[in-house]
Amino acid sequence: QRQLVESGGGLVQPGGSLRLSCAATGFTLGYYAIGWFRQAPGKEREAVSYTSSTGGFTNYAHSVRGRFTISRDNAKNTVYLQMNGLKPEDTAVYYCAAGFISDHELPGSGGNPGEYRYWGQGTQVTVSS
């Protein structure tokens, strides 16, 4: 019964902001690294950002660095992706994923979808005027 559920997606104008949430049920997120991935129609799934179990380490794709911020509130069993300065090319379905990845392994493997065991069903983000 372990699940991840994304929310917060929607339609936003270029330059706007959204905050995505990923809530876990049935297990404790504090033991897991979390990754955010996205997939646009006709494109491969790509890593957007990932963070260590404590939130002490974060990483961002070059395309979103400086605009997106990953964070987590382990007390609420929830991870977030704050997205600012959104661009049309950010349009995609966004997924969160949880994996048992150690802090020393995370920098080299956190962008690999195969490292994550649990996945949410995705939330649509559309950036358009």
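**View A. The bridge between S71 and Y80 in the predicted model.** S71 has Y80, a residue of strand β8, as its bridge partner in this predicted model. Strands β7 and β8 run antiparallel to each other, and 6 bridges join them. Strands of a sheet pair through backbone hydrogen bonds, in either a parallel or an antiparallel manner.

**View B. The open sheet that contains β7 and β8.** An open sheet is formed by 4 strands, which follow the order β1-β3-β8-β7 with antiparallel pairing. Its edge strands are β1, covering residues 3-7, and β7, each of which pairs on one side only. From one strand to the next, the twist averages 15 degrees.

**View C. The disulfide between C22 and C96.** The structure holds 1 disulfide, in which C22 is joined to C96 with an S to S distance of 1.9 Å. Because C22 lies in strand β3 and C96 in strand β9, the pair ties together parts that are 74 residues apart in sequence. The torsion about the S-S bond of C22 and C96 is about 65 degrees, and the disulfide is therefore right-handed. Both cysteines, C22 and C96, are buried.

View D. The largest nonpolar core has 29 residues, of which L4, W36, F68, L81, M83 and Y94 touch the most other members. Two or more residues of this core are given by each of the strands β3 (18-25), β4 (33-39), β7 (68-73), β8 (78-83), β9 (92-99) and β11 (123-127). Another core, made up of 7 residues, lies apart from the largest one, and its members include A33, Y50, I101 and Y116.

View E. T51 is found in strand β5, which spans residues 46-51. The relative accessibility of T51 is 1%, so this residue counts as buried, the cut-off for that class being under 20% relative accessible area. The side chain of T51 reaches the backbone oxygen of F57 at 2.9 Å. When residues up to four places away in sequence are not counted, T51 touches A33, I34, F57, T58, I70, R72 and L106.

Methods. Residues numbered from 1 in each chain as written. Predicted model: local features only at pLDDT ≥ 70, side-chain atom pairs only at ≥ 80, totals over all residues. Heavy atoms only, no water. Core = buried A, V, L, I, M, F, W, Y, C linked by side-chain atoms within 4.5 Å. Buried < 20%, exposed > 50% of the residue type's maximum accessible area, 1.4 Å probe, protein only. Disulfide = S-S within 2.5 Å. Pairing = 2+ DSSP bridges. Axes fitted to C-alpha atoms, helices over the stretch in contact; angles between N-to-C directions. Polar contact = N/O pair within 3.5 Å; in protein donor to acceptor, adjacent residues only side chain to side chain. Contact = heavy atoms within 4.5 Å.
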